[in-house]
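Dear colleague,

I am handing over a structure that you have not worked with before, and below it I have written out what was found. Please keep the structure open as you read, so that each element can be located as it comes up.

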Amino acid sequence: MQTTQILDFLKTKKARLTSIRCALVALFADCTTPQSAPELIQKLRKLRLEANKTTIYRELTFLEKQGIIQEIDLGEGLKRYELSSSHHHFRCIKCNLVTCIGLDEVESTLQTWQNRTAQQYGYTIKTHSLTFSGLCTACSLS
Ligand SMILES: [Zn+2]
Ligand SMILES: [Zn+2]
């Protein structure tokens, strides 16, 4: 999703478009890797926007509730956020690099499996996760 599309969507929800909220949406639309709250605070600071932890978490919770972003937990002891979409991740065990990985046919198979499991057990399944971990290209060479 593009920044303008997301902002238009928020307007239809009568959400306030504060400068921090708009900047966050633009950051998420630009980022190709999931971001942690400290990373986002740093990036906002570069844009001369001061946001403390409380503000950031309030904004992240808001954007998540609107279905714009999703929270991911790759077992690093901190959560990361990215635009909502069905895909998975790779995490380097040495330098903590995280990248998004998706393969359309795998995603649809997983979705089918998720639906089937939900039906079979009578569960309401909201999400699933699959993380590849190992060494990134740079760490493989060093
Ligand atoms: Zn690495
Ligand atoms: Zn991702």
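Two strands are taken to pair if DSSP finds at least two bridges between them. With that in mind, and remembering that this is a predicted model, one can turn to the open sheet of three strands whose order is β1-β3-β2 and whose pairing is antiparallel. The edges of this sheet are held by β1 (35-36) and β2 (69-73), each of which has a single partner strand, so one side of each is left without a neighbour in the sheet. Strand β3 (residues 79-83) is joined to β1 by two bridges, and these two strands run antiparallel; in this part of the sheet, Ser-36 stands opposite Arg-80 of β3. Helix α4 (residues 53-65) lies across β2 and β3, and runs at about 115° to β2.

There is a further open sheet, also described by its strand order, in which three strands are arranged as β5-β4-β6 with mixed pairing. Its edge strands are β5 (98-101) and β6 (131-134), each pairing on one side only, and the twist from one strand to the next averages 20°. Strand β4 (residues 88-92) and β6 run parallel and are joined by four bridges, and Phe-90 has Phe-132 of β6 as its bridge partner.

Turning to the helices, α1 (residues 3-12) and α2 (residues 19-30) have axes that come within 9 Å and cross at roughly 140°, which means that α1 is oblique to α2. The crossing in which α1 passes α2 is right-handed. On the α1 side the contact is made by Thr-3, Ile-6 and Leu-7, while α2 contributes Cys-22, Val-25, Ala-26 and Ala-29. Sorted by class, this contact of α1 with α2 has six nonpolar residues, one polar residue and no charged residues.

How is the protein chain divided into domains? Domain 1 covers 1-85 and domain 2 covers 86-142, and the C-alpha centres of the two domains lie 21 Å apart. The contact between them takes eight residues from domain 1 and nine residues from domain 2. On the side of domain 1 that touches domain 2, the residues divide into three nonpolar, three polar and two charged.

With kind regards

Key:
Residues are numbered from 1 along each chain as its sequence is written. Chains are lettered from A and ligands numbered from 1 in the order in which they are written. This is a predicted model: local features need pLDDT of at least 70, side-chain atom pairs count only at pLDDT 80 or more; totals for chains, interfaces and linings use all residues. Axes are lines fitted to C-alpha atoms, for helices over the stretch in contact, and angles run from 0 to 180 degrees between N-to-C directions. Angles under 35 degrees count as roughly parallel, over 145 as roughly antiparallel, 65 to 115 as roughly perpendicular and the rest as oblique. A crossing is left-handed if the near helix is turned anticlockwise from the far one by less than a right angle, and right-handed if clockwise. Two residues are in contact if their C-beta atoms, placed from the backbone, lie within 7 Å. Ala, Val, Leu, Ile, Met, Phe, Trp, Tyr, Cys and Pro count as nonpolar, Asp, Glu, Lys and Arg as charged, and the others, Gly among them, as polar. Domain bounds come from an automatic or database domain assignment.
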